[in-house]
Amino acid sequence: MNVVIVESPAKAKTINKYLGNDYKVVASYGHVRDLPAKDGSVLPNEDFAMSWEVDGRSEKHVKAIAEAVRGADKLFLATDPDREGEAISWHLREVLKARRALKKDIDIKRVVFNEITRNAVLDAFANPREIDSELVEAYLARRALDYLVGFTLSPVLWRKLPGSRSAGRVQSVALRLICEREAEIEAFKPREYWTIEVEFQTEAGDRFTARLSKLDGKKLDRFDLDSEAKARAAADAILAADGFNVTSVEHREIRRNPFPPFTTSTLQQEASRKLGFGASRTMSIAQRLYEGIDLDGETVGLITYMRTDGVAISAEAITAARELIGGEFGPRYVPGQPRVYRSPAKNAQEAHEAVRPTDLTRQPADVARYVDNDQRRLYELIWKRTVASQMASAVLDQVSIDITDPSGRIGLHATGSVVLFDGFLRLYQEDRDEAPSSGEEENEGRRLPKMRDGEKLTRGGVNPSQHFTQPPPRYSEASLVKKLEELGIGRPSTYASIIQVLQDRNYVTLDKRRFMPQDRGRLVTTFLTSFFERYVEYNFTADLENQLDEVSDGKVDWKELLRNFWQDFSTAIDGTKDLTITAVLEALDAELGRHFFPEAGDGADPRLCPACHAGRLNLKLGRFGAFIGCSNYPECRYTRAFGVDAEGDAGGTDTVLGNDDNNQPVAVKKGPYGHYLQLGVASDETKPKRVALPKGMKPGDVTLDIALRLLALPREIGRHPETGDTITAGIGRFGPYIKHGSAYTSLSADDDVLTIGLNRAVTLLAESKTGQRRGPQMLREVGQHPDGGAIGLYSGRYGPYISHDGVIASLPRGADPDALALETAVELLATQRAKGKGKSAKSRRPSPRADAANAAAETAKPAAKKAAPARAKPKAKAKSAAKKKPAAKKSKAS
């Protein structure tokens, strides 16, 4: 019997069909073991011995694999064709050996295929090889480095910087990029400048515009016209000029070459720009396309392996592309020679083929009925990019025209271009991360009329325009991935997980598809750059990546790399033992103070406390992280939030909206659980009234009138037409609600607690009573769980969550539901199942409410339908009937 081990069950079914009955194909469901998340998993003093553990989720898969291989004559390890896949094969071999599940004379081979098609799979099995020990060693070095940094540096953060979550070898450097860009934006001072556009008409009557480029015989720089007065003076000079003539017409033919096929990185970037997909979502969809789609009874992988640094494609794919181009677009679109792209990857072993369709004749329209919309769009993007990469170059005629007055003191310039032959542009054009700056690029595609040297032009309108320089844009997912790749930080296959971790840790948020650092993220970055600067330097991280590549290429010993790293890193850690909180605060204040206490330009002290007008404002550390407080504490209890908030709370200050009728101040504040309103000032004798902002209401949108109305809640809506009892609206512990008698009903995001009327309130109460009230709504199916059955993504009262087989798991705070990948969903459910939490409380009856205030937003609902499991309440202790987990299996690799 021949046994084959692959990573996913979907792939297992497809490959089994190709190989026939002589082979048994089983799935490992990804990694089968990992370093346990505790101290001692990597021991530097024992030559970096590593202890591995099979967790509860993987244990049953390992048992199934061990049972399948007992008595087998041959074992084929067919995990993914990259470093991680090689590591999984190694782990499987070591675990099966340790459990004595293998015959002594069993033949163990490694097979790799870049696409899941019959020919590719059969060819791979005809040419098996041994496990690549150098790739495994590169994996071991990378895993040890990540563990040593995370489990050594994170505790330092917890002790010295309360409120921090974790640090990572690559994630901390990516976070630094985002934070430094935000600091650039905050420090940016816009500069005013003006441009002047002039309308002209040729002798043939054609109109066009040109821009002023020379004044008083001198070429204009960007900021020469930096005021309206100067711009008006220049415009007056143009109006006073005695005619204008064309002095130069220059034509230049340029050729634009197509882009190479997709790597992992460029696929993530273009999917973000063109489709709006996050990196995780792109990789999840690509995984489905790679593993196979059922095409009328035959499961076929539609694209090649999606984790690659390579841009080359096979000779067969090139031939197929050229034949398709000739047939679809004509012989002019087929270049004279095939285009050959060179891989930028430093390590040839890890530079697989580019991401391409497995069969280029399978056009997007042909597969549309077999895939969902997201899969269709991504497949179409990959197909177009691959075909376009073998098409002829585009040819453009670029025109540049100079115009002057008779004195030669005033000059204008116009540019344009005409596509003479569209070539690959007929099928595909790469998008930009940012809009082009003002200049010739924005005139690309503008067609200028025919003109000749010396031609006299008739001047039309003169239009001065005011502009201001713009700060550098915040990173999008596409531009961040591009920057990380340019710097050589991390590897494309890890970018999706890096970005997700930063969001899961609440270090950054995505606002309008741009990354904004949160206060916690900025503190961590400042702390690391102040006390561990070397380890978040871009060059250091990139050099370490290069060394890891050299390990996989057999040029560097992996343990020597670890020894060199640990010697310096452990010394740096030891140097923080005597680091005081005062020293940390001084470092944070020195670095971040100029951003949060900016000079107003009026000579006033920006640190003067606005409450007592005597103390000075400084950064302070509390249980929930950093904040700004008065130096006169406890006499003065003034505080304000730290950072620039993603919800429009620029500058991080408490916003005083004004005073109520009793002259009490009304302010918007930020606490550990979000923004709230406060009426009055806190003191030892009095506790001011506070109310949380309703979900979806931005702090910047709150006016004094809105604040006073919220603080005045609960309010009377009217009397119920049937009972005559009063219906009131308010905000409680669980959010906005309406109350009728002793019954409470929560308001949805579509209902405004301040404006909801009697008719709507009566309708909601009736729906709640009859069970027609809104239950959890299924947003989409995430995919099939490895254990079988679909994983559903739902919108619940407390936010989005996923459900499978009665287990419910909330999405991490700030996570984008649209970007949720299948792998992430499986991990969340496994974590929840391991805790014995998240079981749907279908049979539980709602308990009576003793405290009406605590029931504010709770509604007694009937059992949820099976298609939409009821959401478990946050922090509720869930009863679990799960059996005791099997003991973890441990082993060491030295």
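S154 touches V149, S166 and A167, leaving aside residues up to four places away in sequence. This is a predicted model. S154 lies in helix α5. With a relative accessible area of 4%, S154 is buried, because buried means under 20%. R165 sits eleven residues away from S154 along the chain, yet the two C-alpha atoms are separated by 7.2 Å.

Helix α5 leads on to another helix. Residues 133-160 make up α5, and this helix is among the elements that cover the buried residues of α16. The cover also includes α3 (83-98), α6 (171-187), α13 (477-487) and α17 (558-574). Which residues of α16 are buried? They are Y538, F540, T541, A542, L544, E545, L548, D549, V551 and S552. Helix α16 itself runs over residues 538-552, 15 residues in all. From its first C-alpha to its last, α16 reaches 22 Å, close to the expected 21 Å. Just after α16 comes G554, with a positive phi of about 80°.

Now take helix α9, residues 279-291. Its 13 residues reach 18 Å from first C-alpha to last, close to the 18 Å expected. How many of the 13 residues of α9 are buried? Twelve are, so the definition of buried, under 20% relative accessible area, makes α9 mostly covered. G292 follows α9, and its phi is positive, near 130°.

Strand β14 spans residues 411-421. Why is β14 called largely enclosed by the rest of the structure? Because eight of its eleven residues are buried. β14 has pairing partners. Strand β13 (residues 394-404) runs antiparallel to β14, and ten bridges join the two. In one of these pairings, V399 has G416 of β14 as its bridge partner. β13 and β14 form a hairpin, with six residues between them. In that turn, G408 has a positive phi of about 80°.

Strand β8 (residues 207-215) also pairs with β14 in the antiparallel sense, over three bridges. Here R211 has H413 of β14 as its bridge partner. In a regular strand, side chains alternate between the two faces of the sheet.

Notes:
Residues are numbered from 1 along each chain as its sequence is written. This is a predicted model: local features need pLDDT of at least 70, side-chain atom pairs count only at pLDDT 80 or more; totals for chains, interfaces and linings use all residues. Side-chain values use heavy atoms; hydrogens and water are left out. Helices (H or I, at least four residues) and strands (E, at least two) are DSSP runs, numbered from the N terminus. The expected span of a helix is 1.5 Å times one less than its number of residues. Buried means under 20% relative accessible area, exposed over 50%, partly exposed in between (1.4 Å probe, protein chains only). Contact means heavy atoms within 4.5 Å. Two strands pair if DSSP finds at least two bridges between them.
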